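Hi,

Here is the structure I promised to pass on. Please open it first, then read my notes below.

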Amino acid sequence: MTRPEVTIRPRQDADLPELVRVMRAVHEADRYPAIWPEDALAFVATTDPLGAWVAEVDGQPRGQVLLCAVGLTGGWAEVYGEGASALAEIKRLFVSPSARGLGLARRLMRVALEDAARRNLGAVLQTLDDNHVAIRFYERAGWHPAGSVPADWTDGDGQHPTMVLFTAPPDA
Ligand SMILES: CC(C)(COP(=O)(O)OP(=O)(O)OC[C@H]1O[C@@H](n2cnc3c(N)ncnc32)[C@H](O)[C@@H]1OP(=O)(O)O)[C@@H](O)C(=O)NCCC(=O)NCCS
């Protein structure tokens, strides 16, 4: 079997419809995102990320990651205080169930972390406390849990699920 050709590159607007299809498959397989967004394209795109990258397999987008500014509001300031303004958040990381285990997420994360470092920003992320696959993935990559906060959105029962915040390893 030939090895698939993997490329990590900056996202283009033309990637968005295929990324929504990939995220639909991820939602059905892994419950990410936990609640399917009303405007899935806007959710994938996200307003004004600092950076957005796509993992392509044989010429097709199969995963993405974003780097976004962190404000002094919400859970970040609660946990990191004023230091939150020197942070950037890794968001919207997902890989198609058909392209798992190829190192796509690891390579996407590396590109996003390099970009954060160039901007002199520390990297953080958050995940649902029951997303065991993602938590294992981050811990294996050396990320440290920094605390838990209630999500700023509600699930189908009107509850705020618990999010675990993670800090990038210092040498990332
Ligand atoms: C988490 C996720 C992004 C990993 O994607 P991936 O491209 O398959 O991961 P990689 O191939 O880069 O794997 C990187 C490492 O994680 C490990 N890993 C990946 N998936 C794993 C799993 N299901 N169980 C255990 N380890 C796993 C790999 O073995 C690898 O370890 P290594 O570096 O020691 O070899 C993917 O499972 C996913 O899209 N999940 C649903 C969306 C999601 O939860 N996103 C995070 C939201 S916060």
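I start with Pro-169. Pro-169 counts as partly exposed because 13 C-beta neighbours lie inside 10 Å. The scale: a residue is buried with 20 or more other C-beta atoms within 10 Å of its own, exposed with 12 or fewer, and partly exposed in between, with C-beta atoms placed from the backbone. Pro-169 sits in the segment after E7. It touches Gly-142 and Trp-143, leaving aside residues up to four places away in sequence. Contact here means C-beta atoms, placed from the backbone, within 7 Å. Pro-169 and Ala-86 are 83 residues apart in sequence and 15 Å apart in space, C-alpha to C-alpha.

Two points on the source. This is a predicted model: local features need pLDDT of at least 70, side-chain atom pairs count only at pLDDT 80 or more, and totals for chains, interfaces and linings use all residues. Residues are numbered from 1 along each chain as its sequence is written.

The fold. The chain has five helices and seven strands. Helices (H or I, at least four residues) and strands (E, at least two) are DSSP runs, numbered from the N terminus. The order from the N terminus is β-α-α-β-β-α-β-α-β-α-β-β. A compact globule of 172 residues would have a radius of gyration near 16 Å, and the chain agrees because it has 16 Å. That radius is taken over C-alpha atoms, and the globule rule is 2.2 Å times the number of residues to the power 0.38. Buried residues make up 30% of the chain.

Strand E7. Five of its six residues are buried. E5 and E7 run antiparallel, joined by five bridges. E6 (residues 144-150) and E7 also run antiparallel, with six bridges. Strands pair if DSSP finds at least two bridges between them. Met-163 in E7 is the bridge partner of Leu-128 and of Val-149.

The core. The largest nonpolar core has 40 residues. Such a core is a set of buried Ala, Val, Leu, Ile, Met, Phe, Trp, Tyr and Cys residues joined through C-beta atoms within 7 Å. H4 gives the most to this core, seven residues. Val-124 is among the residues with the most contacts inside the core.

The ligand. Its shell holds 20 residues, and the closest are Tyr-32, Arg-100, Ala-105, Arg-106 and Thr-127. Near means a C-beta atom, placed from the backbone, within 6 Å of the molecule. H5 (132-140) supplies at least two shell residues, as do H1 (16-30), E4 (87-95) and H4 (104-118). The largest share, five residues, comes from H5. By class, the shell has eleven nonpolar, four polar and five charged residues. Ala, Val, Leu, Ile, Met, Phe, Trp, Tyr, Cys and Pro count as nonpolar, Asp, Glu, Lys and Arg as charged, and the others, Gly among them, as polar.

Most residues other than glycine have a negative phi, and most peptide bonds are trans. The peptide bond from Tyr-32 to Pro-33 is cis, with omega near -5°. Arg-31 has a positive phi of about 60°. Both Arg-31 and Pro-33 lie in the loop between H1 and H2. Asn-120, in the loop between H4 and E5, has a positive phi near 60°.

Best wishes

Methods
Two residues are in contact if their C-beta atoms, placed from the backbone, lie within 7 Å.
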